[in-house]
Amino acid sequence: MKLKQIALATLAACGFAGAAQAQISGDVVKIGFLTDMSSVYADIDGSGGVEAIKMAIADMKGMVAGKKIEFIYADHQNKADVASAKAREWFDTQGVDMLIGGTNSGTALAMATVAAEKHKPFIVIGAGSARLTNEACTPYTVHYAYDTVALARGTVNPMVKAGGKSWYFLTADYAFGASLQADATEVIQKAGGKVLGAVKHPLNANDFSSFLLQAQGSGAQILGLANAGGDTINSIKAANEFGITKSMKLAGLLMFINDVHSVGLKAAEGMYVTDSWYWNQTPEAREWSRRFFDKMKRMPSSLQAADYSAVTHYLQAVDKLKTDEGDKVMAQMKAAPVKDFYSAGSIRKEDGRFVHDMFLMQVKSPKESTEPWDYYKVTARIPGDDAFTKLADSKCPLVKK
Amino acid sequence: MAELFGVPLPALLGQLLLGLVNGSFYAMLSLGLAVIFGMLNIINFAHGAFYMMGAMLAWMGMEYLGLNYWAMLLLAPLVVGALGVVIERLLLRWLYQLDHLYGLLLTFGITLVAEGLFRSFYGVSGQPFDVPSQLAGATNLGFMFLPNYRAWVVLASLVVCFGVWALIEKTSLGALLRAGTENPRLVQAFGINVPLMVSLTYAGGVALAAFAGVLAAPIIQVSPLMGSQLIITVFAVVVIGGMGSILGAIVTGLGLGVIEGLTKVFYPEASNTVVFVVMAIVLLVRPAGLFGKER
């Protein structure tokens, strides 16, 4: 009996020593994921994102640096106050070591502040606002998948080069739409094109036909859709119906593969889309996507692939350092390059922007598509340095000039 | 070119016509709400969910059973109507004597359940739905390009709306319905099966919503959330027209569609709110609505 106690005590002591050496807080590495689980952006990230993160953890056998990995997630309902309150609760009472921000820029900006205050790594996947690595940058934010600047450049530049000099915008009347339009306008003007006008529509407008007639009246060659989700889908449907696609080319400034799936190839055919990743772009991407498909019965969006990639990159950093201490892990994540089925590149030390190549894709016609979810042809690879804001142009206060 | 307030007249005509198309949906949906409120005294918050179900069922019928659009235009309202009977018999029946609030809460709950079910099966980004081939293409009206399908929407909704109005106001069945709401016990004493009539009224009201849903499917995103985006506006239409007034619902629905269409030209940012501004003004001037009777 006594012997057993001593043995146990020794074992426990070894355990503590190990913990001290490994410096893993609370003896678990805990990842928290806050995203839209139920509303308009739930398909592009949501439960698919949760599954992708679970896959990343399972691929590490659920262990990192000899400790267990735990994973919690919640619905932020696209509300910034819900997101920041939940993030604070997780850091303070749940021992969350790293936070992943899903879709919606408003919530991501709110979470970034909390994570910076708690000195914990915060990886933004689904939110697009370039503010996250500019005005609102923090030493703890990593902006992983894409941003509004990269989308605008990716889609606008090739279209202007191909002769689409005059543009008209259909813009969602809130911060995101305005910034998407502003970013795109800058690129158009730099490339030698001009913007003939814009019409602002309310978020979740019920019908787009009347806005589209105004756009058609402008005589512009290209109609830029500075909106997202259901608004983009309804714009494209109505544009087809009213024959606008015959006189104008449509450019969706923020579209995911799920949007194309919903519109249908017949209506979306020929559109240009910029994205960070497409499931069918390489053999490695295909292999991972098949695994995802087996679980979710649909192909992953670029965001879901990025969820997997980002979590893996974080866990590898923890595994190398044997600690989950925020500052050290941030330094390691920025020092180690990312190279996986999702992307290749590195996270910029100064502002946390993950700089990687982006892709311009064109939606296939129904004839060209040979299997379900076979929707895109990759038409151009945009080098990361051209796609994202250069350090010299950064508005991030942490960037020393 | 002739102009009105700085907008070319042909463009304005085009916008008016588009407003009428949207008004057709408002008219059909608010008509169903008005009928249900008039006969059952229930504020049917689940109306948007039935509208969504109409569209989703149409998509499901075409996707899984290979049926065409026209078959689903008939079938989806029937299925939803049958579901309406079940809901009325099992749930709503117990609430007629209570305050409006209980009916509102119950139907709101039904909405949440229905939306949640469809969302968990089909996600939120919606399903592809093409315009039926017979109605593809557009007609040049001189001042605008009108897609044939939109013309069909206006036509179908006008026929259905005035058909319902005539049924209730001009036929003996309609007379019984109206009498049944006024004094159910007396009408029952004449040997009329009032509970059955009430069930069928509810079924008819929600079938109208489903019909509107199928009509809308080729035009807007077919997703589990499509109903909740529309239902608030439709309630405003009913309030403006006067709760329970059938003709009021139809006329206000079409009229507000046109007002909204014009707002989209002159001040697009306000196009989602203009209906509520009108509602506030109407409530100030005529609390019972434009066509309603003071009680």
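In what order do the six strands of the open sheet in chain A come? The order is E2-E3-E1-E4-E5-E6, and the pairing is mixed. Here, strands pair if DSSP finds at least two bridges between them; helices (H or I, at least four residues) and strands (E, at least two) are DSSP runs, numbered from the N terminus.

This is a predicted model, where local features need pLDDT of at least 70 and side-chain atom pairs count only at pLDDT 80 or more, while totals for chains, interfaces and linings use all residues. Residues are numbered from 1 along each chain as its sequence is written, with chains lettered from A and ligands numbered from 1 in the order in which they are written.

At the edges sit E2 (63-64) and E6 (141-143) of chain A, each pairing on one side only. E1 (residues 28-35) and E4 (residues 98-101) of chain A run parallel, joined by four bridges; A:Ile31 has A:Met98 in E4(A) as its bridge partner.

Contact means C-beta atoms, placed from the backbone, within 7 Å.

| Helix | Strands | Angle |
|---|---|---|
| H3(A), residues 80-94 | E1, E3, E4 of chain A | about 170° with E1(A) |
| H4(A), residues 105-118 | E1, E4, E5, E6 of chain A | about 165° to E4(A) |

Over in chain B, H2 (residues 47-64) and H3 (residues 69-90) pack at about 130°, with axes 9 Å apart. Residues making this contact include B:Phe50 and B:Leu57 of H2(B), and B:Leu75 and B:Val79 of H3(B).

Terms used:
Two residues are in contact if their C-beta atoms, placed from the backbone, lie within 7 Å. Axes are lines fitted to C-alpha atoms, for helices over the stretch in contact, and angles run from 0 to 180 degrees between N-to-C directions.
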